[in-house]
Amino acid sequence: QSHQSVPKRPKPSRPALLHNLDFLQNLPFSACSLLARSLLLFPEREQRLRTAPHRKRKVRDVWCVMSGNYPGNKQQSLPVRPIIPLVARMSDQNASGAPPMTVREKSRLDKFKQLLASPNTDLEELRKHSWSGIPREVRPITWRLLSGYLPANKERRELVLKRKRDEYFGFIEQYYHSRTDEHYKDTYRQIHIDIPRTNPLIPLFQQPVVQEVFERILFIWAIRHPASGYVQGINDLVTPFFVVFLSEFVTEDVENFEVAALPLDTRRNIEADSFWCMSKLLDGIQDNYTFAQPGIQNKVKALEELVSRIDEDIHNHFKRYEVEYLQFAFRWMNNLLMRELPLRCTIRLWDTYQAEAEGFSHFHLYVCSAFLIEWRKEILSMVDFQGLLMLLQNLPTIHWGNEEVGLLLAEAYRLKYMFADAPSHYKR
């Protein structure tokens, strides 16, 4: 009896595996969440996930929540631009397409314009008004002032901007060619690897021209700060400055804007300003990134001490299930909560950080405490180590906006008022 040879079935490629979603019925929710995140990078799969049958429901539901596209949504026409998942949208209450400003918002904007137009801006008054959020129209100039990059004297600003921008590009000419040298190639290689991972769901940050800007900024900062050099996490800290300074020239959605369409001088100014403002920020928290990152170690320990006083139930719950604060809060300190919040929320948070004394260091501790306690109910409902850690590393903030950040900051301020000047409460 002759046997006809059966051809071997080709091994499916990774994209083919992603198209064949039958295996999803046996995946745990956490794995579905990770897969849903990866599927967000492929807009062409939207329709398949929307209409997924019951066995694929977990990934479909996770994807819908993350993207803001719910089954049954009547809007079926395909947008001209790429779909921006909700987690990646950067608009705030003053962005284009938002409702008209209220009388109160217009009054606040007028007050900011009045402060900024004075011959010598009152920085204390500017901080006071910035604490509760800065209107989008005046955020770039306000951030430059509050960071210490620009002087309060209005007449000197243009001269300082020109000098600092020229100085930055002098660094580029002097040092950037050395990225291929033996001494610096590992630093540049790590930066080059990390840049594409920065906000991967936002098209803006996947543009080659933007990634080249980030590479230059991070490399120059690293070689000018040999005590720390480049550390993973610093790449995230460029993004809020870049977006805010870019928004000065963009009336449409920043997420999709083609940066290459801007004049070269404008792009260079955005790059230099982002470098100097990020440098000012890092000057205040550099011990977070020196050898062994002692700043972060100390801040995580301080968070543990503070939470043990503020909410003993949460603290004891962690102890019972052997959850170490370092396992979730290291990232909170290293990335200033940027991995926990949408970028639009980070920008609003930084309005307050720049208005608050030691905002990025001392006040951030109280924001992290308030952020942890925000999830008290969910934390106490988890009764195993794995569930707790999964929750703490994937807190559901994708729908957060300015209102939620405002409440978080108000609670952080209350905690600071109660505990910062009360050593007996703060220390064991």
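**Reading rings and surfaces**

Student: What is the relative accessible area of Phe-360, and is this residue buried or exposed?

Tutor: Phe-360 is buried, with a relative accessible area of 12%. In general, buried means under 20% relative accessible area, exposed means over 50%, and partly exposed lies in between, computed with a 1.4 Å probe and protein chains only. This is a predicted model, in which local features need pLDDT of at least 70 and side-chain atom pairs count only at pLDDT 80 or more, whereas totals for chains, interfaces and linings use all residues. Residues are numbered from 1 along each chain as its sequence is written, and side-chain values use heavy atoms, with hydrogens and water left out.

Student: How many aromatic pairs are there?

Tutor: A pair of aromatic rings is described by the distance of the centres and the angle of the planes. Rings of Phe, Tyr and Trp (its six-membered ring) pair if their centres lie within 6.5 Å, and planes under 30 degrees apart count as stacked, over 60 as edge-to-face and the rest as tilted. By this rule, the count is 28 aromatic pairs. One of them joins Trp-131 and Tyr-413, edge-to-face, with 5.6 Å from centre to centre and 80° between the planes. This pair links distant parts of the chain, 282 residues apart, since Trp-131 lies in the loop between helix H6 (123–130) and helix H7 (139–146), while Tyr-413 belongs to helix H20 (residues 402–419). Helices here are DSSP runs (H or I, at least four residues), numbered from the N terminus. Tyr-413 counts as partly exposed because its relative accessibility is 43%. Another edge-to-face pair is formed by Tyr-353 and Phe-360, at 5.3 Å centre to centre and 80° between the planes, and Tyr-353 is buried, with a relative accessible area of 1%.

Student: Which residues do ring pairs link into a cluster?

Tutor: The cluster consists of Trp-131, Trp-143, Phe-241, Phe-245, Trp-350, Tyr-353, Phe-360, Phe-363 and Tyr-413.

Student: Where does the charged end of Lys-164 sit?

Tutor: A charge sits over a ring if NZ of Lys or CZ of Arg is within 6 Å of the ring centre and within 35 degrees of the ring normal. The charged end of Lys-164 sits over the ring of Trp-276, 3.6 Å from its centre, and Arg-179 lies over the face of Tyr-188, at 5.8 Å from the ring centre.

Student: Where is Leu-343 found?

Tutor: Leu-343 is in helix H16 (residues 343–355), and Leu-343 is buried, with a relative accessible area of 6%. From C-alpha to C-alpha, Leu-343 and Thr-239 are 8.4 Å apart in space, although 104 residues separate them in sequence.

Technical notes: Helix = DSSP H or I, 4+ residues; strand = E, 2+ residues; numbered from the N terminus.
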